[in-house]
Every structure is written in structure tokens, then in C-alpha cells.
Amino acid sequence: TIQNLGDTLAGVGFTDDLDAVLTGLVAVGLPQSDVCGAGSQISGTSLLTLTGGNIAAGSSCSFTVTLQVPAGAAAGSYVNTTSTLSTGGLTLANPASDTLVIEPPPTFAKAFAPAAIGLGQTTTLTFPVDNTASALPASSLSFVDMLPAGLEVAATPNVVETCGATVGATAGATSINVSGGSVAAGGSCTISVDVTATATGDLVNTSGALSTSNGSVAAAMAS
């Protein structure tokens with residue numbers, strides 16, 4: 001938003017270096033025309049540029065730009081500061097500044113309880129999804145867990161889940177498929193399935209990565 005507290009202004013402009021805020025942060029849907037008076041334009045991808053702004057005395061203009069945060073961006077606070085607002089080399093106003101906060105995706109883990117069983121016995125495999133560090137809900141939770149040789153879904157899977165997900169875990173299967181779950185901001189949920197040992201040894205189970213609306217999370221492992 002640019003508010004003109006003085007006389008009519010023409011040729012108003014500024015720049016905003018998004019790449020200086022976060023490498024890979026870009027604008028989408030540009031250029032846009034007549035955003036701040038007839039003939040004005042906002043353009044660019046990693047460097048936004050407003051040119052040709054025309055603002056009548058005592059009036060203002062306001063426009064929005066959609067930004068795409070790069071995949072894998074680290075959670076944290078990123079300060080974005082524009083150039084000065086100017087016209088014809090004359091500074092009209094100091095830079096504008098605000099902070100973009102990127103919330104972390106949930107954490108993902110897995111555990112067997114009990115962790116040691118006999119041949120043919122059953123244990124419960126639980127997947128906790130922890131979103132307590134985020135102020136945003138996470139949806140579209142999905143992952144696939146390919147069980148190692150020597151483990152299979154129990155004859156009675158006893159699927160229990162609090163994520164609102166669809167869990168594919170049929171008796172005798174060697175994989176567990178989870179899709180469509182969600183977890184509230186500041187919350188957590190779990191998915192558990194009973195599995196049976198068909199072989200002896202140290203059976204290391206590594207899942208696929210957890211996909212979420214707030215980013216992908218590394219695979220979980222337990223044995």
C-alpha cells in the first residue's frame with residue numbers, strides 16, 4: 001500500500017529483492033498492469049519492480065503479489081525490506097519492511113511396542129505425527145511403509161488412527177499405505193497397525209517420507 005499525503009505524484013516506483021529475503025523465493029502471476037494508477041506496472045520474479053505509479057493527492061493505491069516459497073525452505077522468520085519509494089531520483093519515503101514466517105512441517109517417527117517378540121508373535125507399529133511446533137495445520141498426510149522381509153500385517157490388523165487418514169493395512173500384507181490425513185496446528189496424531197513376525201533377526205523397518213501440505217518429512221525408522 002502506498003499512501004500519498006501530499007500533492008499528486010507521477011512516476012512512482014520501488015524495487016523488492018525477494019532473493020535477498022530467501023533464496024528461491026519468487027513471485028508468480030506477474031506482470032500486473034495499472035496497479036497504482038493508469039500506466040503503472042509491477043513485474044519481475046525474484047526482483048519485483050514497480051514503475052509508473054500515479055497517485056492523486058490525498059489518495060492511495062494497494063496491490064498484492066503472490067509469492068511461491070521454495071520447497072525445502074528452512075522454517076524461521078525472514079525479513080523483507082524494499083528499496084526507498086522514489087520518483088525521478090527523488091526519495092519519497094523510506095523502505096517498507098515486514099517479516100515472512102515459515103512454519104515447520106510436522107515431525108514423523110515410528111516405534112514397535114514391544115520391540116522384541118517371538119516368531120509368529122504380534123507387535124504394534126505406531127507412527128506419531130507431531131505438529132506441536134507449527135502454528136499451521138497440516139493436511140494431505142500420506143506415506144507408504146514397506147515392511148522388511150520377516151514382517152507382515154497381522155491377521156487382525158487392529159488399525160487405530162487419530163489423523164483422519166485412510167489406512168491400507170490388510171492381513172498378510174507387506175506394506176502399509178496411509179493417505180488423506182491431517183493434524184491440527186499445535187497438535188499431534190498417531191496411526192498404529194499390528195504386525196506379525198514371520199522370521200527371526202533384527203528386522204529394520206524404514207518407511208517412505210511423509211508428504212504433507214506443509215512440506216515433506218524424512219523417512220522414519222525402527223527395528
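In this predicted model, Cys36 is joined to Cys61 by a disulfide, with an S to S distance of 1.9 Å. The two sulfur atoms therefore fall within the 2.5 Å that the definition of a disulfide asks for. This pair ties together distant parts of the chain, 25 residues apart. Cys36 sits in the loop between strand 4 (32-33) and strand 5 (41-43), while Cys61 belongs to strand 7 (residues 60-61). Because the torsion about the S-S bond of Cys36 and Cys61 is about -75°, this disulfide is left-handed. Both Cys36 and Cys61 are buried.

The count of disulfides comes to two. The other one is formed by Cys163 and Cys189, whose sulfur atoms are 2.0 Å apart. It too links distant parts of the chain, here 26 residues apart. Cys163 lies in the loop between strand 18 (160-161) and strand 19 (166-168), and Cys189 lies in strand 21 (residues 188-197). The torsion about the S-S bond of Cys163 and Cys189 is about 95°, so this disulfide is right-handed. Cys163 is buried, as is Cys189. With the bonded cysteines counted along the chain, the disulfides follow the pattern 1-2, 3-4.

The largest pocket holds about 790 Å³ of space. It is lined by 32 residues, and those closest to its centre are Thr1, Phe14, Asp16, Thr82 and Ala96. At least two lining residues come from each of strand 1 (2-3), strand 2 (9-17), helix 1 (18-21), strand 11 (90-93) and strand 12 (97-102). Of these elements, strand 12 gives the most, with four residues. By class, the lining of the largest pocket contains 19 nonpolar, 11 polar and two charged residues.

The second largest pocket has a volume of about 350 Å³. Its lining is made of 18 residues, and Ala73, Ile102, Glu103, Asn214 and Gly215 are nearest its centre. Two or more of the lining residues come from strand 12 and from strand 24 (215-217). Strand 12 supplies the largest share of this lining, three residues. The lining of the second largest pocket divides into 12 nonpolar, five polar and one charged residues.

How values were computed. Residues are numbered from 1 along each chain as its sequence is written. This is a predicted model: local features need pLDDT of at least 70, side-chain atom pairs count only at pLDDT 80 or more; totals for chains, interfaces and linings use all residues. Side-chain values use heavy atoms; hydrogens and water are left out. Buried means under 20% relative accessible area, exposed over 50%, partly exposed in between (1.4 Å probe, protein chains only). On a 1 Å grid over the protein atoms alone, a cavity is a set of points where a 1.4 Å probe fits but cannot get out, and a pocket is an open set with protein on both sides within 12 Å along at least five of seven lines; lining residues have an atom within 4 Å of a point. Grid points are joined across faces, edges and corners, and a volume is the space filled by probe spheres set on the points. Ala, Val, Leu, Ile, Met, Phe, Trp, Tyr, Cys and Pro count as nonpolar, Asp, Glu, Lys and Arg as charged, and the others, Gly among them, as polar.
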